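I hope they are handy to have beside you as you look through it.

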Amino acid sequence: SIRSYWAMVIGALAGRTFGVALSFAMHPMRPHLSLKKFGEIFSVSQWMLVRSIGGYLELKLHYAIVGARESASVLGAYSLASEISALPTSELLAPINRVLFPAFVRVKHDLVELKRVVLLAQGVQTMIAMPAAIGLILVSSEAVLLLLGEKWMSAVPFVKLFALISFLTSIATSGTYVLITLGKIRLIAISSWVLVGLFATLALVVFPEAGAFEIANLYLAVVTLGLIALVMLLLRELKGLRFRDIAASIIRPLIAVSIMALCVVL
């Protein structure tokens, strides 16, 4: 053991290197350096890069603002709440999200089948993510007490907000993949940066004195607007898809979660 944080760096590099070597050993294809398709590839990858940077800022900018305005203890509670709230939806939906994009690409030339697969994916994601998020909101005090201890009870209000944020972002995944499948990468990249700009304007200009809780509420509002915009883009770009189709795919999980919430409250 080298007893240094460099062990994490070395471990990550070693894992990637071993993975590349193993891929060469297991697959007969031997890629070689060529610029023949550079223009074709870069026309797509440049917008993927822009989108990735925008997506990173969407996820991290609020941390930076809270860190600049609040104490270390508040930032700690804020960060822990975000991580805890993301666990139920991210861990449960991760296996599904890995296969969504290939599934959409396979049927992209059959719009009827693509629509069916999209609605199925949306229904399954909602069925899993909604009860996980709403359930965490309902038992947030108990969850924080159990997972973190009494000294972190200040994180409870943040857990409630981030559980809802995590739910909204998780169910937006399938819509994003659909737009990528349809070749609307530039549109997604622009949308991502619009959301970043909107949040930055609200947090830095409109509400320059907002604290951690207000920042979390602003983030929730921007994420909600982003989901609404995504749905509108889907309705426009995926021919034959209607809002009532989307509503029908999530109505049963919504009713079930409402009953669950009522039982827990009572």
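1. Let me begin with one side chain: tyrosine 78 is buried, because its relative accessible area is 0%, under the 20% cut-off for burial. Please keep in mind that this is a predicted model. Tyrosine 63 also counts as buried, at 18% relative accessibility.

2. How many aromatic pairs are there? The count comes to 8. In one of them, the ring centres of tyrosine 63 and tyrosine 78 are 5.9 Å apart and the ring planes stand at 85 degrees, so this pair is edge-to-face.

3. The axes of α2 and α3 come within 9 Å and cross at roughly 160 degrees. That angle is over 145 degrees, and α2 and α3 are therefore roughly antiparallel to each other. Their crossing is right-handed. On the α2 side, the contact is made by His62, Tyr63, Val66 and Gly67, and on the α3 side by Leu75, Tyr78, Ser79 and Ser82. By class, the residues of this contact are 4 nonpolar and 4 polar, with no charged ones.

4. The crossing of α4 with α7 is right-handed. Here Val118, Ala121, Gln122 and Gln125 of α4 meet Thr173, Ser174 and Val178 of α7. The contact of α4 with α7 has 3 nonpolar and 4 polar residues, and no charged ones.

5. Is serine 174 buried or exposed? Serine 174 lies in helix α7, and it is buried, because its relative accessible area is 0%. Beyond its neighbours within four places in sequence, serine 174 is in contact with Leu100, Phe104, Ala121, Gln122 and Gln125.

6. Leucine 136 sits in helix α4, which spans residues 111-138. Leucine 136 has a relative accessible area of 10% and is therefore buried. Which residues does leucine 136 touch, not counting those up to four places away in sequence? They are Ile84, Ser85, Pro88, Ala143, Val159 and Ala163. Leucine 136 and serine 258 are 122 residues apart in sequence, while their C-alpha atoms are 14 Å apart in space.

7. Finally, the overall picture. The protein has 10 helices and 0 strands, giving the pattern α-α-α-α-α-α-α-α-α-α along the sequence. Its C-alpha atoms fill a box of roughly 60 × 55 × 40 Å along the principal axes. Of the 266 residues, 35% count as buried. Among contacts between residues at least 6 apart in sequence, 79% join residues at least 24 apart.

Methods:
Residues numbered from 1 in each chain as written. Predicted model: local features only at pLDDT ≥ 70, side-chain atom pairs only at ≥ 80, totals over all residues. Heavy atoms only, no water. Helix = DSSP H or I, 4+ residues; strand = E, 2+ residues; numbered from the N terminus. Buried < 20%, exposed > 50% of the residue type's maximum accessible area, 1.4 Å probe, protein only. Contact = heavy atoms within 4.5 Å. Phe/Tyr/Trp six-rings, centres within 6.5 Å; stacked < 30°, edge-to-face > 60°. Axes fitted to C-alpha atoms, helices over the stretch in contact; angles between N-to-C directions. Parallel < 35°, antiparallel > 145°, perpendicular 65-115°, else oblique. Left-handed = near helix turned anticlockwise from the far one by under 90°. Nonpolar A, V, L, I, M, F, W, Y, C, P; charged D, E, K, R; others polar.
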